[in-house]
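Please look over the sequence and the model below before reading on.

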Amino acid sequence: PPIIMVEAEVAPTAAPEKIHIQVVKAKGLTSSKGHVLTATVKVEFGSQTLGESPKIEIDPDSGFVQFDFKCNLSVLTNDLFVLDELVQTPLVLTVVEVLPKDKKAKEEKTIVLGQCCVSLLPLIKGELNFTVVDNLHPTGALVPTDQESQPEIEVVISSDNPLLSDEQRDSCNMMTLCIESLYSVPEEWNARGEQYQYLTAMSIPMSSEKETLILTPAGTFRAA
């Protein structure tokens, strides 16, 4: 996805604003072990875990689950570094399968079924509420047989008040970086054997004294 940075003048004081996150539902989920699926969804922002839903048993025939899980992210909108983090850092939603507990095991075993990322940029642009329906990018435990069976998740993001005023948005400078492709890669990067994900990193000056590191994650290898 594009990497976007923002710079704006902000008020010297501001009360924290809450960003409300509601994971509504998911579909197309299947158990990695072929039995009745029990799953949770975890919501993360950067290094913060914002919350994890209760375990829900999912109908194996439909693969549909109504999570209706809510959590919040509090942000200080008068902090430029916080605003910069909001536009660069997506929410990460992870659907996790909870395996039946082995009587001999002390802890439950879990398997990550899939993940997706949700950008918070619409809130910076002035929206108060938006809905995202996105594919759950599968791990080895959740591999769809065709595009129509690709698992999906729906999430609603909202805030009670605009994160920036009209004046602040008018004074914003936004820069978008999009890393499309990399050609003539080393022969070791081939489509045979174990597959990996790749990322790019570059340093961008924010001022004469500060630089920020921009990462473009989740690159995949495709044979020419």
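What follows is a short report on selected features of this model, which is predicted.

Strands of a sheet pair through backbone hydrogen bonds, either parallel or antiparallel. In this model, an open sheet of 4 strands has antiparallel pairing, and its order is β6-β2-β11-β9. Which strands form the edges? They are β6, residues 65-75, and β9, residues 129-135, and each of these pairs on one side only. Neighbouring strands of the sheet are turned against each other by 20 degrees on average, with direction ignored.

Strand β2 covers residues 17-27 and pairs with strand β11, residues 152-159, in the antiparallel sense over 8 bridges. Two positions show how the pairing runs. V23 has V155 of β11 as its bridge partner, and K27 has E152 of β11. Strand β2 also pairs with β6, again in the antiparallel sense, over 9 bridges. Here A26 has V65 of β6 as its bridge partner.

In a regular strand the side chains alternate between the two faces of the sheet.

Most residues other than glycine have a negative phi, and most peptide bonds are trans. D68 is not a glycine, yet its phi is positive, at about 45 degrees. This residue is placed in strand β6. With a relative accessible area of 41%, D68 is partly exposed.

Side chains of opposite charge can pair when their charged atoms come close. How many salt bridges does the structure hold? There are 2, listed in the table.

| Lysine | Glutamate | Closest N and O atoms |
|---|---|---|
| K25 | E154 | 3.7 Å |
| K27 | E152 | 3.6 Å |

K25 counts as partly exposed because its relative accessibility is 31%. K27 is partly exposed as well, at 43%. E152 has a relative accessibility of 26% and counts as partly exposed.

## Strands β7, β8 and β10

Another group of pairings involves β8. Strand β7, residues 91-98, and strand β8, residues 110-118, pair in the antiparallel sense over 8 bridges. Within this pairing, V96 has V112 of β8 as its bridge partner. Strand β8 is also joined to strand β10, residues 137-138, by 2 bridges, and these two strands run antiparallel. Q115 stands opposite H137 in β10.

L136 sits in the loop between β9 and β10. Is L136 buried or exposed? It counts as buried because its relative accessibility is 0%. L136 and V95 are 41 residues apart in sequence, while their C-alpha atoms are 8.3 Å apart in space.

## Cysteines

A disulfide is a covalent bond between the sulfur atoms of two cysteines. The structure holds 0 disulfides. C116 is in no disulfide, and the nearest cysteine sulfur, that of C117, is 6.8 Å away.

C116 is buried, at 1% relative accessibility, whereas C117 is partly exposed, with a relative accessible area of 46%.

## Empty space inside

Rolling a probe the size of a water molecule over the atoms shows where empty space is left. How many cavities of 30 Å³ or more are there? The count comes to 1. The largest cavity holds about 40 Å³ of space. Which residues line the largest cavity? The lining consists of L29, T30, S31, H35, V36, L37, I58, D59 and P60.

Notes:
Residues are numbered from 1 along each chain as its sequence is written. This is a predicted model: local features need pLDDT of at least 70, side-chain atom pairs count only at pLDDT 80 or more; totals for chains, interfaces and linings use all residues. Side-chain values use heavy atoms; hydrogens and water are left out. Two strands pair if DSSP finds at least two bridges between them. Axes are lines fitted to C-alpha atoms, for helices over the stretch in contact, and angles run from 0 to 180 degrees between N-to-C directions. A disulfide is a pair of cysteine sulfur atoms within 2.5 Å. Buried means under 20% relative accessible area, exposed over 50%, partly exposed in between (1.4 Å probe, protein chains only). A salt bridge is a side-chain nitrogen of Lys or Arg within 4 Å of a carboxyl oxygen of Asp or Glu. On a 1 Å grid over the protein atoms alone, a cavity is a set of points where a 1.4 Å probe fits but cannot get out, and a pocket is an open set with protein on both sides within 12 Å along at least five of seven lines; lining residues have an atom within 4 Å of a point. Grid points are joined across faces, edges and corners, and a volume is the space filled by probe spheres set on the points.
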